[in-house]
2 protein chains.
Amino acid sequence: MVTLTGDSLLARALPAIARDVDSMFDALLPGEGRLAEAMRYATIGGGKRLRPLLLTATAALHGADRTQALRAAIALESIHAYSLVHDDLPCMDDDAMRHGKPSTHKAFGEAMAVLVGDALHAFAFEVLADPATSGDPFVRSELVQILATASGPAGMVGGQVLDIEGEGQALDLPAITRMQQQKTGALLSASVEMGAVLGRLPPEGRTHLKGYARDIGLAFQIADDLLDHAGDEAKAGKALRKDAGAGKQTFVALLGEERARGQARMLVDQALAHLTSYGQEADLLRSIARYIVERDR
Amino acid sequence: MVTLTGDSLLARALPAIARDVDSMFDALLPGEGRLAEAMRYATIGGGKRLRPLLLTATAALHGADRTQALRAAIALESIHAYSLVHDDLPCMDDDAMRHGKPSTHKAFGEAMAVLVGDALHAFAFEVLADPATSGDPFVRSELVQILATASGPAGMVGGQVLDIEGEGQALDLPAITRMQQQKTGALLSASVEMGAVLGRLPPEGRTHLKGYARDIGLAFQIADDLLDHAGDEAKAGKALRKDAGAGKQTFVALLGEERARGQARMLVDQALAHLTSYGQEADLLRSIARYIVERDR
């Protein structure tokens, strides 16, 4: 799993969040029937759980209840999971493998995959608006607004459209950066912001955390491009080196491997600089920032 | 438009809600770019706006603000619209026409149609959780919960899965009824319940309205089956008589045309009986119940 020497905090946190997210999905997802089976297939046992880790780490940093933070993390991860199910469809990226097993449409058929995505999307907001996620309706309502905005036309989905529209076109660095900030950055930022909301941090207190989130979001995408360029398919659990074939512009294609790697490291340093007002209680967030560019999958 | 003699209330309400929903969509949807264009294509200028009409009529019955009710109706209609965009996809019902014009995937391509559906889905919750929909976060949070539950695995999407799974199988009346109560009934019930929430009706006061909604929901589906069986494609603005070809069981196939028509009328009478505690202030809801089985599109 994690091999970063000296980073025992992260070495404990990664398996813990994977286990807690799986058992919370198991407890909250519907249990009966083919749709429930497919929703579970698409969510349980896969992925690095980076977004739930960011959300729960930020929530813990501000003293929020872990069970409530895990519920919000389940909502967030459901949105991420639905986007992968739809992304893998033949009319989208046409990916047959995801997290080391057949994609949802390969296992359950295309119509079912469309509906599984839609079901997970609604499930996310069902979980978030439930009083069990927070006794304070203002917090619930704010969580819904942050997640819907980050995943909607001005966030994730808007970024996916820019990505499709950019295929085969020569995008420049600002255009790729903008596209990626919407496509993956918005949801990573939402992870941190939702944790802050659960920790009752007022909007004006979230500036540093939002800066941290923006920087690691971009670093994450550059690291993803580097892994797509040079990574190990077995470790990734999905097909790699598809971007070049699809005519997609990546940071690596634009900057070259070395400059891209340097840029990712610079962004991590910048992310860490946003955390200077915190003491060692923010060490997990610091470790996550470093892990994001040093991971091998 | 409406030709029901003596029903001037509905004759005014139908064009008014169509106009107000269109102008509210126009004001709230993003305005720039291809995604915005496709979201507008899928939402503005189409459909009977039956769900917004039910929501705003119920809200008005309990004195809620019309602008806030219209915002909630936009959220509801966005969910309905996204489900049609995804439903029309080649891997789903494969429909080329919707509301008298090419379906979204015919006009914008399949990948874009998947993303337009996802964007409208997120947009619905973004609108609902916005303080402009209600100054009371408890109301916003309750609206989100009702809409997410009604459209999720235990509601609309769950019903769509039962529908797909039932193709080519001999479903009996209870099985079809259950499937349709999820597939279309849940969202129609949500329309009424969301109006009641905006009108500050407590859960225990919503029993009659929920009974009304359940009955007209089923009557609506039987009327839809009858229109599919014997209706006019030009008026419907979509292909008809597809159900039999797809091996789908319908109320008409199971009961025959005459008994199905009788059943729909009985359900309308039953729906009206739920409204006896209301005076003439509920006349619009009564007219909607009758319109649902007498409409020709």
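**Two chains and the surface they share**

Hi everyone, let's start where the chains meet: 40 residues from chain A and 40 residues from chain B make up the contact, where contact means heavy atoms within 4.5 Å. Before going on, a word on the source: this is a predicted model, in which local features need pLDDT of at least 70, side-chain atom pairs count only at pLDDT 80 or more, and totals for chains, interfaces and linings use all residues. Residues are numbered from 1 along each chain as its sequence is written, chains are lettered from A and ligands numbered from 1 in the order in which they are written, and side-chain values use heavy atoms, with hydrogens and water left out.

How much area is buried between chain A and chain B? About 3400 Å², with carbon and sulfur atoms giving 74% of it. Buried area here is the accessible area (1.4 Å probe) that two parts lose on being put together, summed over both. On the chain A side, L115(A), E126(A) and P153(A) supply 17% of the area that chain A buries against chain B, more than any other three residues.

Which elements of chain A give two or more residues to the side that touches chain B? They are α2 (33-43), α4 (66-87), α6 (110-129), α7 (137-151) and α8 (156-166). Of these, α6(A) gives the most, with 12 residues. Helices are DSSP runs of H or I, at least four residues, and strands are runs of E, at least two, numbered from the N terminus.

How do the two copies relate? A rotation of 180° with 0.0 Å of shift along its axis superposes chain A on chain B, at RMSD 0.0 Å, and that is the relation of a two-fold axis.

Let's finish with one residue, L89(A), in the loop between α4 and β1 (97-98) of chain A. Is L89(A) buried or exposed? Buried, at 2% relative accessibility; the cut-offs are under 20% for buried, over 50% for exposed and partly exposed in between (1.4 Å probe, protein chains only). Leaving out residues up to four places away in sequence, L89(A) touches several residues, including V114(A) and V114(B).

Terms used:
Least-squares fit on C-alpha atoms with pLDDT ≥ 70 in both.
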